[in-house]
Amino acid sequence: MNKDRMKIIFGAVLFASAWACAEGGVRTALFVAAYLLCGAEVLLKSVRHILRGDFLDENFLMALATAGAFAIGEYPEAAAVMLFYQTGEFFMDWAQDRSRRCVRALMDLKPQQVRVQEGGEWKEVAPEQVAAGTIFLVKPGERVPLDGVVLQGRAWTDASALTGESLPVEVSAGAEVLSGVISLDGALHMRALRPYAGSAVARILELVENAASKKTPTERFITRFARYYTPVVVIAAVLCAVLPPLLVPQAQLKDWVYRALVFLVISCPCALVLSVPMGFFGGIGAAARRGVLLKGSGSLEALAHGEMMVFDKTGTLTTGHFAVSGIYPEEGFSAGKLLEWAAYAESTSNHPIAAAVCKAYGQGIDHARLGDVCEQAGCGVSVQVDGQKVFAGGAGGMGAEFKAPAGAQGTAVFVRVDGKYAGYITLSDQLKPDTPRAVAELKRAGFAKVVMLTGDRKSAAQAVAQQAGVDEFYAGLLPADKVARVEQLLKEKTPGRTLLFAGDGINDAPVLARADAGIAMGALGSDAAVEAADVVLTDDNPAKIPQAVRLSRFTLRVVKQNIWFSLGVKAVVLALGAAGVANLWEAVFADVGVSVLAVLNSLRPLAYKD
């Protein structure tokens, strides 16, 4: 980027110096130097493309037009064409320089060492060296390096990196644990089920690489345009040079060749080259001011053509934090007393559910009121409160004869006082305040389908889907399942339209890379998700997505206005040039004027008000 910037600066200095010189060899030499400095790369690309037989692009057009300018002695025009072109390319490359580096970001997930047992001692070795059946140790706070089964130990584990499930899961002897899961509070002796190459972490890394390679980047307009514009212009110039001398009496070949060269130089699309990237740049800047970071013009185009919207659940549509959503006391008990008993019992636990109950209680815990504490692993907590025996926990700790109420689906804390059932408290991952509005606005914006994918349980996913207003949801998905589901949805969309996916976790990185445009929650999202995405929301607000879509569509309209205006003026000047009415510098003046107007129009997205 610095090299390109210096090239443009030195080229501009040489160009200005040439203008300041009097007519002569020095002036010509300075124009040629500015031309070669700014245009050498274009000329080399053009030669390489010609040798490959694929030359219908803007590089060939630039080279041909400037060669024509040299042929008729218009050195300033040749240098100006290359300088304008490099300036436009610089703005385009600047926007695209922040492209995805998802594989590198995901390397933080890959284990560096595995602690294995050899000769009665623990030694650290590379994960690739560990065979299936090897015993290894995971300490509290560490990430499980290989897929394995627990042989000894008990711990609460965080599997959110793989499944998106925000609620920790307790594992003990006999439980299978995937690599990438974090042991929160206990040491685990495990036996490797498979080598590293077949582990969950390795599969995620592979998914990201494959997804990124499958994803076709949005082709730049100027390249698509040049495929049609270049042959038309070249053929027209040849016909302009050859046909009149053959068909018109007294027509001089020299005069019509000169007109053809003028026609060729006039055809050079300076206004398009400058205004198209500037239009996208204006849209990218306007989005950034709204907290939406777009990684290039391809991201903006993908948003503008959106037809399907796919959301992750936890941390994207929801806050990712559990909170009390309902208190249901039995007859003879009050809601306030039920919450108080539950809070006192849960105050002895460090489980996230316990923390959510205590937070909902909102009052300090008087530990003098507490008596004997007994934690039943995987079931709940029993504690003496003011001499009464209070149990708070899952249905499994309520006794074999207990049947959970039909409404107590999802995450629920049941409370028993002195052996009598007192009621239950439900907890849920809270929907973000702007989620329903975001989904509704996407539908109004013309999105045919809004889908939610999650690794969470079906009951929890269904509740969120209903509150959010999505059209479809799929629960219990691992990263590979999410990619497979997105692959299926990609087949259903209309050709030319795009599928957008929004997520926040490491587990979402493969899908973010595979979707036509990935949108990451930047404030709380993982580094891997941010790097894999094409769009980053700096404040995690899903309502920014429909805003970004509307801004992208407006920007694309502005770009198309620039294109048609530039082409319209260009067509008129080309016709006048072919007829010998317009000379070269009149054409240059018209082209520069169009460029200025187009650039001013490109600033409109910066003032766009939703």
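Me: Is Cys-240 buried or exposed?
Reply: Cys-240 counts as buried, because its relative accessibility is 9%, and buried means under 20%. Keep in mind that this is a predicted model.

Me: And what about Cys-358, buried or partly exposed?
Reply: Cys-358 has 22% relative accessibility, so it counts as partly exposed.

Me: How many disulfides does the structure hold?
Reply: Zero disulfides turn up in the structure.

Me: OK, switching to helices. Which residues of H14 are buried?
Reply: Helix H14 covers residues 435-444, and its buried residues are Thr-435, Ala-438, Val-439, Glu-441 and Leu-442.

Me: Where do those sit around the axis of H14?
Reply: They are on the same side of H14, because the arc they cover around the axis is only 165°. As background, an α-helix has 3.6 residues a turn, so residues three or four places apart point the same way.

Me: What comes just after H14?
Reply: Gly-446 does, and this glycine takes a positive phi of about 100°.

Me: Now the core. Which residues touch the most other members of the largest nonpolar core?
Reply: Those are Met-309, Phe-311 and Ile-519, in a core of 51 residues. Helix H19 (residues 544-578) gives this core its largest share, eleven residues.

Me: What does Met-309 touch?
Reply: Leaving out residues up to four places away in sequence, the partners of Met-309 include Leu-442, Phe-447, Val-450, Leu-500, Phe-501, Ile-519 and Ile-545. Leu-442 is also one of the buried residues of H14.

Me: What is in the second core?
Reply: That one is separate and has 24 residues, among them Leu-339, Ala-356, Val-385 and Ala-422.

Me: Let's do strands. What is the order in the six-stranded open sheet?
Reply: The order is S2-S1-S3-S9-S4-S7, and the pairing is antiparallel.

Me: Which strands stand at the edges?
Reply: Strand S2 (121-125) and strand S7 (176-177) do; each has a single partner strand, so one side of each lacks a neighbour in the sheet.

Me: How many bridges join S4 to S7?
Reply: Two bridges join S7 to strand S4 (residues 148-152), and the two strands run antiparallel. In one of the pairings, Val-149 has Glu-176 of S7 as its bridge partner.

Me: Last one, zooming out: how many helices and strands are in the protein chain?
Reply: The protein chain has 20 helices and 22 strands. Of its 610 residues, 51% are buried. The chain exposes about 26800 Å², with 57% of that supplied by carbon and sulfur atoms.

Definitions and conventions: Residues are numbered from 1 along each chain as its sequence is written. This is a predicted model: local features need pLDDT of at least 70, side-chain atom pairs count only at pLDDT 80 or more; totals for chains, interfaces and linings use all residues. Side-chain values use heavy atoms; hydrogens and water are left out. A disulfide is a pair of cysteine sulfur atoms within 2.5 Å. Buried means under 20% relative accessible area, exposed over 50%, partly exposed in between (1.4 Å probe, protein chains only). Helices (H or I, at least four residues) and strands (E, at least two) are DSSP runs, numbered from the N terminus. The arc is that of the directions from the helix axis to the C-beta atoms. A nonpolar core is a set of buried Ala, Val, Leu, Ile, Met, Phe, Trp, Tyr and Cys residues joined through side-chain atoms within 4.5 Å. Contact means heavy atoms within 4.5 Å. Two strands pair if DSSP finds at least two bridges between them. Accessible areas come from the Shrake-Rupley method with a 1.4 Å probe; for residues, only the protein chains shown count as cover.
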